[in-house]
Amino acid sequence: MATYLIGDIHGCYHEFRALLQQVAFHSSKDTLWLTGDLVARGPDSLEVLRFIKQLGPAVKLVLGNHDLHLLAVYAKISRNKPKDQLDKLLSAPDVDDLINWLRKQPMLQIDDELKLVMAHAGLAPQWDLDTARICAREVEAILRSDSYPLFLNAMYGDMPNNWDPELSGLARLRYSTNALTRMRYCFPNGQLDMICKSKPENISAPLKPWFELPRNIPEEYSIAFGHWAALEGKGTPAGIYALDTGCCWGGKLTMLRWEDKQYFSQSSLLSR
């Protein structure tokens with residue numbers, strides 16, 4: 001029995017299957033944690049969703065910003081961009097079933113036995129574990145409800161960008177969504193910067209990667225995240241695992257076996 005964590009798949013189905021074959025993954029005994037952004041940019045988003053869905057309880061995943069964008073495109077709230085390569089998925093006979101399954105997936109995973117937390121982008125520096133759980137569940141609840149298109153229509157935007165426990169309504173949901181699925185950099189006070197995407201070595205003060213700010217969750221908990229391919233899986237503090245290594249951009253798909261912290265990778269099969 002093993003626990004495997006895999007970074008953003010982005011529709012790279014064949015690389016995903018090849019990576020699982022490297023470790024002889026079996027859904028009857030192993031657990032697979034996925035950092036989100038299952039779809040878009042790669043060619044086989046349909047095959048990725050179908051395969052993950054049929055794995056059932058062997059998978060623990062979180063939704064990423066591209067997964068939410070797919071939900072918005074399906075709900076006719078956002079435009080289907082050709083570069084996302086979603087046409088095959090959106091025209092599939094089982095698209096309704098796949099979308100209804102996808103929108104019921106978590107925004108956050110916390111395993112108190114493994115002392116492991118996973119979010120697509122990370123955790124807002126001001127949040128403790130209880131606050132993170134509450135904020136994630138609020139977003140999950142609206143996505144699972146019949147009112148989910150209302151939320152999807154309001155989720156786009158960079159404000160508010162500072163955590164306040166008094167935030168409410170759509171503003172609170174937008175902040176939580178941005179922190180969990182889009183965040184990279186913060187100001188020293190924890191305020192989110194939703195613009196900068198450069199590598200940390202190219203950034204000057206006062207911006208810092210979110211994981212370099214003081215954290216409010218117990219030190220014994222590790223955090224795994226994706227979203228930030230430019231990091232190439234490097235430069236994070238101990239206990240922080242960056243797993244997006246840009247497979248859909250011609251990089252590689254990365255897997256971490258949790259029990260012994262061994263890494264595995266599969267190079268992109270896409271034309272570079």
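**Grounds for the labels**

Modeller: Strands β11 (residues 252-257) and β12 (residues 262-267) pair in the antiparallel sense over six bridges. The model is predicted, so local features need pLDDT of at least 70 and side-chain atom pairs pLDDT 80 or more, whereas totals for chains, interfaces and linings use all residues. Residues are numbered from 1 along each chain as its sequence is written, and side-chain values use heavy atoms, with hydrogens and water left out.

Colleague: What makes β11 and β12 a pair of strands?
Modeller: Two strands pair if DSSP finds at least two bridges between them, and β11 and β12 have six bridges. Strands are DSSP runs of E of at least two residues and helices runs of H or I of at least four, numbered from the N terminus. R257 stands opposite Q262 in β12. The hairpin has four residues between the strands, and K261 takes a positive phi near 60° there.

Colleague: What is said to sit over the ring of W258, and on what grounds?
Modeller: The charged end of K261 does, 3.9 Å from the ring centre. The term requires NZ of Lys or CZ of Arg within 6 Å of the ring centre and within 35 degrees of the ring normal.

Colleague: Why is the pair of Y241 and W258 called edge-to-face?
Modeller: Rings of Phe, Tyr and Trp (its six-membered ring) pair if their centres lie within 6.5 Å; planes under 30 degrees apart count as stacked, over 60 as edge-to-face and the rest as tilted. Y241 and W258 are 5.3 Å apart centre to centre, with 75° between the planes, and therefore the edge-to-face class applies. Y241 lies in strand β10 (residues 240-242) and W258 in the loop between β11 and β12, 17 residues apart.

Colleague: How many aromatic pairs does the structure hold?
Modeller: There are twelve aromatic pairs. W127 and Y175 form one that is edge-to-face, at 6.1 Å and 75°. W127 is in the loop between β5 (116-118) and α6 (129-144), and Y175 is in helix α8, 48 residues apart.

Colleague: Why does W127 count as buried?
Modeller: Buried means under 20% relative accessible area, exposed over 50%, and partly exposed in between (1.4 Å probe, protein chains only). W127 has 1% relative accessibility, so W127 counts as buried. Y175 has a relative accessible area of 0% and is therefore buried.

Colleague: Why is L269 called exposed?
Modeller: L269 has a relative accessible area of 54%, and is therefore exposed. L269 is in the segment after β12.

Colleague: What shows that both faces of β9 are covered?
Modeller: In strand β9 (residues 222-225), S222 and A224 on one side and I223 and F225 on the other are all buried. Three bridges join β5 to β9, which run parallel, and L116 has S222 as its bridge partner in β9. β9 and β10 also pair in the parallel sense over three bridges, with A242 in β10 as the bridge partner of F225.

Colleague: How much space lies in the largest pocket?
Modeller: About 710 Å³. Among the 29 lining residues, the closest to the centre are N65, H66, R184, K197 and H227. A pocket is an open set of points on a 1 Å grid over the protein atoms alone where a 1.4 Å probe fits, with protein on both sides within 12 Å along at least five of seven lines; lining residues have an atom within 4 Å of a point. The largest share of the lining, four residues, comes from α3.

Terms used. Grid points are joined across faces, edges and corners, and a volume is the space filled by probe spheres set on the points.
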